[in-house]
Amino acid sequence: MSPFFSKRRVSLVSGALLCASLVSACSSMEPAQSAPRTELRPQAMATTERASKEEAESQLARPPPPPSTPAPVAARKKVGDVAADEATGAASESLAAAPSSTARAEPAEPAMRRAAPAKALKATMGALAGSGAPLQQPLEKGKLDLGDDKSIAEGGNTFEAYKPNAFTETAKDNLSTFAADVDTASYSMARRYLQQGRLPPTQAVRVEEFVNYFKYRYTPPEEGAFTVHLEGAPSPFNARRQFVRVGVQGKVVSRSQRKPAHLVFLVDTSGSMASSDKLPLAIESIKIAVKNLNENDTVALVTYAGSTRDVLPPTPATDVKKIHAALDSLSAGGGTAMGSGMELAYKHAVKKAAGGVVSRVVVLTDGDANIGNTTPKAMLASIEKSVAEGVTLTTVGFGMGNYHDSLMEQLADKGNGNSFYVDSLKEARKVFETQLTGTLEVIAKDVKFQVEFNPQAVTRYRLMGYENRDIADKDFRDDKVDAGEIGAGHTVTALYEVELAADAPQALATVRIRAKAPNGTEAKEQAFPLTRANLKPSLDAASADFRFAVAVAATADILRAAPAAEGWSLATTQKLAEGAVAGDADRTEFVRLIGQARALTTASASGR
């Protein structure tokens with residue numbers, strides 16, 4: 001259909017049926033504003049953000065479009081396996097361009113309560129959406145095949161949503177068990193939304209990935225894989241509650257000390273990757289990684305679109321000229337055979353997998369998949385043997401418009417790896433330069449946490465985040481149950497909101513951590529007591545790291561509309577974060593982002 005007709009939502013129907021069809025469609029269509037709403041369910045759900053196509057023609061010349069802008073025409077063609085126009089621009093620092101600050105709403109914005117995701121509109125709306133007509137309301141939801149996952153796609157970006165943890169009565173269940181998580185994709189995605197002038201979808205916000213995006217000044221271990229740091233202080237939102245932090249610091253391994261690495265970069269070159277914030281930025285990210293590898297490291301390059309291709313055999317990382325030439329030859333076009341690309345990449349990686357070598361597949365994609373094995377379950381089944389032999393996985397997401405965050409996160413979780421989202425060259429440097437050693441060198445695997453609360457001391461508790469890392473209490477000591485990995489220098493932080501009993505005894509809880517060595521099969525367990533001595537008398541008396549972590553977790557809970565955070569204020573979290581910046585650039589940026597969120601929340605409340 002030509003753009004002329006698609007913009008006017010006109011269907012081409014032969015003869016006299018044209019008028020009748022239009023009359024029928026109009027008469028049966030519900031007003032968009034009356035779409036019913038429903039609460040989040042524990043199963044994964046999804047949302048998408050899509051609006052009119054205003055800047056597609058100037059995509060490569062400008063900063064990336066806001067999340068509300070659809071992908072370029074090339075990306076929309078890819079489902080039909082039509083080749084996209086080749087991207088001609090190179091990624092640049094302009095990808096990160098955004099307002100550095102937003103005017104604050106003074107004195108304070110209303111308490112933030114965001115609506116739950118809307119139910120699907122009628123099929124007629126979906127039909128219009130399929131014609132390419134711009135719609136201001138969500139498109140008709142359609143099934144996205146994610147295996148056992150219950151995600152629903154509205155077209156475009158897809159996010160899993162889990163029901164936020166509720167308060168648990170300690171007398172009924174005093175055990176809280178979850179897996180470690182060092183992913184950060186959710187925070188950098190939310191940052192992009194805010195910098196582009198929109199609140200992130202509630203489903204896109206994962207508290208643990210917000211908190212673990214930031215570095216904390218935990219003392220590293222003198223021996224062993226990690227140290228544990230416990231601290232608590234009164235809540236700034238409710239005088240009857242306390243926040244408690246469990247912080248883990250992994251041992252630091254220098255660039256010269258880490259094991260040799262064999263990296264197989266698996267690059268999505270399908271049509272949807274044509275825009276400047278996707279394939280060009282992915283190529284620059286790999287170049288940054290290569291620059292920071294050692295002389296004993298090797299690199300291979302595999303691409304996938306409608307088919308897979310071996311672009312570069314295992315090559316010493318020092319052969320920069322050859323690697324760059326292979327990268328510069330890449331262009332975007334075609335469908336997305338992600339599953340077969342994964343199989344080929346893992347075949348290369350498993351050849352180098354050994355105790356003395358880190359063998360890792362690094363997938364760089366927008367997460368879309370429409371040819372062959374398209375589900376995490378199917379993809380992981382095909383590479384299960386390689387995962388068992390020690391090949392790890394990093395997923396790196398790019399772009400908006402058809403981003404499948406749910407697929408990327410599941411692959412990383414089950415592939416014994418981590419998930420990132422790169423929205424700028426600045427973030428590419430953070431992931432592939434500053435954090436490279438931690439990304440490559442796993443120091444502990446299948447890391448599980450179990451907090452046993454003393455019912456005599458704690459009446460209720462709530463774990464903030466980690467909903468998709470939940471582990472059954474009975475599986476804590478089952479070493480066959482998969483959990484999370486911790487890399488060199490990584491920190492893992494978890495926060496609880498607790499209510500103490502009157503005259504609570506000294507012993508509040510016992511924190512247990514169970515983990516395996518990188519190549520081990522049996523886990524070792526450590527226990528750490530949480531006592532009243534770990535609680536500070538006031539929030540001001542707590543460490544800057546503690547206060548900042550509370551500010552981040554609370555902000556994330558507000559942004560995702562967690563029921564337990566009802567009535568909480570972004571003004572409070574911003575003030576708390578401002579007092580704990582401690583000269584850190586990432587923390588300073590976060591304070592600005594809260595200001596932008598406050599302005600957007602106030603504008604929404606006032607109807608602007």
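Guide: Buried means under 20% relative accessible area. Keep that cut-off in mind for this predicted model.

Visitor: Okay. Is Asn416 buried or exposed, then?

Guide: Asn416 is buried, because its relative accessible area is 16%, and the cut-off is under 20%.

Visitor: What about the phi of Asn416?

Guide: Positive, about 55°. Asn416 has that value although it is not a glycine.

Visitor: Which loop holds Tyr466?

Guide: The one between β14 (458–463) and β15 (484–487). Tyr466 is not a glycine either, yet its phi is positive, about 65°.

Visitor: Tyr466: buried or exposed?

Guide: Buried. Tyr466 has 1% relative accessibility.

Visitor: Let's zoom out. How many helices and strands does the protein have?

Guide: The protein has 16 helices and 18 strands.

Visitor: And what share of the residues is buried?

Guide: Of the 608 residues in the protein, 57% are buried.

Visitor: Contacts next. Take those between residues at least 6 apart in sequence. What percentage join residues at least 24 apart?

Guide: That comes to 81% of those contacts in the protein.

Visitor: Why does Thr491 count as buried?

Guide: Thr491 counts as buried because its relative accessibility is 6%, and the limit for that label is under 20%.

Visitor: What does Thr491 touch, leaving out residues up to four places away in sequence?

Guide: With those left out, Thr491 touches Val182, Asn212, Phe214, Lys215, Tyr216, Tyr218, Val248 and Gln249.

Visitor: Now Ala239. Where is that one?

Guide: Ala239 sits in the loop between β5 (226–234) and β6 (241–250).

Visitor: Buried or exposed, that Ala239?

Guide: Exposed. Ala239 has a relative accessible area of 82%, and exposed means over 50%.

Visitor: How far is Ala239 from Glu499 in space?

Guide: They are 9.7 Å apart, C-alpha to C-alpha. In sequence, 260 residues separate Ala239 and Glu499.

Conventions:
Residues numbered from 1 in each chain as written. Predicted model: local features only at pLDDT ≥ 70, side-chain atom pairs only at ≥ 80, totals over all residues. Heavy atoms only, no water. Helix = DSSP H or I, 4+ residues; strand = E, 2+ residues; numbered from the N terminus. Buried < 20%, exposed > 50% of the residue type's maximum accessible area, 1.4 Å probe, protein only. Contact = heavy atoms within 4.5 Å.
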